[in-house]
Amino acid sequence: MSADTLSTVDARPVEDGSALVRRRRRRRALVWAVRVAAVIVWLVSWQLAATYWIDPFYYSKPTAIAGRLVDWFTKGTAFGSIWTQIGVTLEEAVAGFVIGALAGVVLGIVLGRSRFLADVAAPFIKAANAVPRIVLASLFIIWFGLGMSSKIATAMVLVFFAVFFNAFQGAREVDRNLVDNARILGASRFALLRSIVVPSATSWIFASLHSAFGFALIGAVVGEFTGADKGLGLLINNAQGTFDAAGIYAGMIITTVLALAAEWLISTAEKRLLRWRPPSAGADAQI
Amino acid sequence: MTTPVIELRGATKRFPATGSGTHTAVRDLTLTVAPGEFVAVVGPTGCGKSTTLSLVSGLEAASSGDVLVRGEPVRRIPSGVGYMFQSDAVLPWRSVLDNVAAGPRYRGVGKREARSRAHAWVERVGLGGFAGYYPHQLSGGMRKRVALAQTLVNEPEILLMDEPFSALDVQTRALMQDELLRLWAGTGAAVVFVTHDLEEAIALADTVVVMTASPATVKATFPVPLERPRDVEEVRLTPEFLEIYREVWDSLRTEVAKAREEASRVG
Ligand SMILES: Nc1ncnc2c1ncn2[C@@H]1O[C@H](COP(=O)(O)OP(=O)(O)O)[C@@H](O)[C@H]1O
Ligand SMILES: [Mg+2]
């Protein structure tokens with residue numbers, strides 16, 4: 001069953017194959033029908049409410065948001081082409097994600113395998129993790145200016161901690177038996193790290209990467225919010241400044257689509273890299 | 001007499017216990033294994049059999065006494081040692097073939113050569129059709145075969161085996177025992193085979209070592225003068241086998257009873 005269903009329990013024990021496939025397909029169709037219906041009901045009631053009861057100035061309405069999106073994509077935004085804004089935000093998020101994830105994985109694994117370094121670093125990591133990281137966005141703007149690097153730094157910091165703790169835990173929980181076995185078979189310290197520790201930690205690391213790209217986007221958008229000359233965060237901030245609720249929603253929708261696309265990419269990579277896992281413990285168990 | 005490949009002289013291993021103090025797992029252990037000898041070690045569960053193997057393998061250091069392999073004190077993992085662990089230690093993210101190729105790869109053999117050696121061993125343990133499978137797609141018995149091939153591909157001179165077949169069903173176990181004897185014959189490797197199954201010990205070994213209840217030390221050593229090659233299923237029905245069994249069991253039963261008493265007192 002696909003990863004987008006909440007429960008995969010199917011209690012019928014014996015049934016011939018084709019009937020099972022049919023039942024499953026019907027169930028899927030039903031799930032989708034209900035989803036689509038829910039969205040339609042929600043949009044229509046919002047539209048009606050905004051038309052007759054509530055003030056669309058504050059709450060906007062679906063048609064206005066759709067109109068704004070069409071505007072942005074056909075005529076462009078106040079700051080130039082929408083694609084430029086998306087490209088800038090995406091570039092910042094991806095760069096921050098890659099750097100932060102790499103740093104998190106490397107440092108997590110190194111500290112996870114070295115008790116001494118972990119003991120030394122523990123209070124610093126804890127303190128750094130306790131800093132409200134969004135505040136750093138302002139600091140980075142002072143340090144790196146209004147360009148991309150300050151946003152990349154914000155995204156990186158958010159991603160780093162999410163990934164670090166999982167990589168650390170993953171490197172720590174490596175099966176003792178596997179390590180001993182590899183040592184007996186002749187593995188050097190480095191070979192041990194590469195062939196046992198990193199693969200064991202990979203499931204842990206992927207678990208964090210799912211939320212980490214979301215953090216990277218948050219970092220980029222908040223950074224742009226704080227001060228920028230391009231990007232989706234700037235669009236949203238500008239919409240806020242001009243009391244343009246539809247613009248805020250439109251920016252939100254684009255950001256969400258980006259996050260979902262990234263999530264899909266990460267899930268695909270995960271499925272490929274972790275195909276050795278038994279299906280019950282694999283991606284199907286997630287929401 | 002030739003020098004023994006393995007020699008334990010008064011070896012003792014203490015572990016830090018919960019709270020303060022220490023827990024003695026094995027005490028004053030004296031044992032020798034000749035080249036090419038098949039030694040089975042039996043003793044009640046929890047007495048310290050696995051600990052004994054970890055001393056020989058160099059994974060754990062003795063707290064006192066001497067552990068010698070080929071006459072040299074063990075300081076790290078001695079060369080030529082193979083170790084089949086009590087619980088599964090195959091890599092779940094590697095196919096059967098790549099699991100078996102791991103040892104040669106670690107030892108600096110080229111990828112292609114390692115794979116061809118691994119392939120031969122995968123065939124030899126009867127998994128030819130499963131080379132591309134991942135461990136989770138195999139049965140418990142098949143995973144044990146992978147572990148066996150993984151260990152034997154390194155051509156160890158000393159083979160340590162920790163209850164390798166205890167988790168298998170009776171038929172599979174008999175099959176694996178025969179297979180082990182077949183693969184071992186002609187390698188000239190010394191084997192230390194830990195088990196709590198006395199029948200298995202006598203059917204496989206040249207020598208059976210009985211250990212005392214915790215903390216373990218050697219209680220008695222029994223030679224097994226049964227002819228080789230042996231068929232595990234047949235040999236256990238012979239009168240010689242039964243006589244040895246009775247003799248060893250007499251020695252072992254008191255230790256098992258002691259261990260049981262101990263366990264009921266603690267539990
Ligand atoms: N790493 C360890 N730390 C602490 N105690 C241990 C450790 N390994 C084994 N022991 C203890 O040593 C005793 C013997 O264990 P073990 O050698 O595994 O027994 P066996 O293999 O005969 O069942 C047990 O009481 C066990 O709890
Ligand atoms: Mg044991």
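**View 1. The largest cavity and its lining.** The residues lining the largest cavity comprise 6 nonpolar, 4 polar and 2 charged ones (Ala, Val, Leu, Ile, Met, Phe, Trp, Tyr, Cys and Pro count as nonpolar, Asp, Glu, Lys and Arg as charged, and the others, Gly among them, as polar). The model shown here is predicted, so to speak for it, local features need pLDDT of at least 70 and side-chain atom pairs count only at pLDDT 80 or more, while totals for chains, interfaces and linings use all residues. Residues are numbered from 1 along each chain as its sequence is written, chains are lettered from A and ligands numbered from 1 in the order in which they are written, and side-chain values use heavy atoms, with hydrogens and water left out. The largest cavity holds about 70 Å³ of space, where a cavity is a set of points on a 1 Å grid over the protein atoms alone at which a 1.4 Å probe fits but cannot get out, and lining residues have an atom within 4 Å of a point. Volumes are the space filled by probe spheres set on the points, which are joined across faces, edges and corners. Among the lining residues, look for Asn181(A), Tyr83(B), Asp88(B) and Lys144(B). Strand 6 (81-84) and helix 4 (140-152) of chain B each give two or more residues to this lining, and helix 4 of chain B has the largest share, 4 residues. Helices (H or I, at least four residues) and strands (E, at least two) are DSSP runs, numbered from the N terminus.

**View 2. The largest pocket, lined by both chains.** Here about 730 Å³ of space sits in a pocket, meaning an open set of grid points with protein on both sides within 12 Å along at least five of seven lines. Of its 25 lining residues, Arg194(A), Ser195(A), Pro199(A), Trp93(B) and Arg94(B) lie nearest the centre. Helix 9 (189-226) of chain A gives the most, with 8 residues. The lining has 14 nonpolar, 3 polar and 8 charged residues.

**View 3. Ligand 1 and its shell in chain B.** Residues around ligand 1 (a heavy atom within 4 Å) include Phe15(B), Lys49(B), Ser50(B) and Thr51(B). Helix 1 of chain B supplies the largest share of the shell, 3 residues. Now for the polar contacts, pairs of N or O atoms within 3.5 Å. A side-chain N or O atom of His23(B) is 3.1 Å from a ligand oxygen. Backbone N or O atoms also approach ligand oxygens, at 2.7 Å for Gly46(B) and 2.9 Å for Gly48(B). The protein buries 64% of the 560 Å² that ligand 1 exposes when taken alone (Shrake-Rupley method, 1.4 Å probe).

Methods. Polar contact = N/O pair within 3.5 Å; in protein donor to acceptor, adjacent residues only side chain to side chain.
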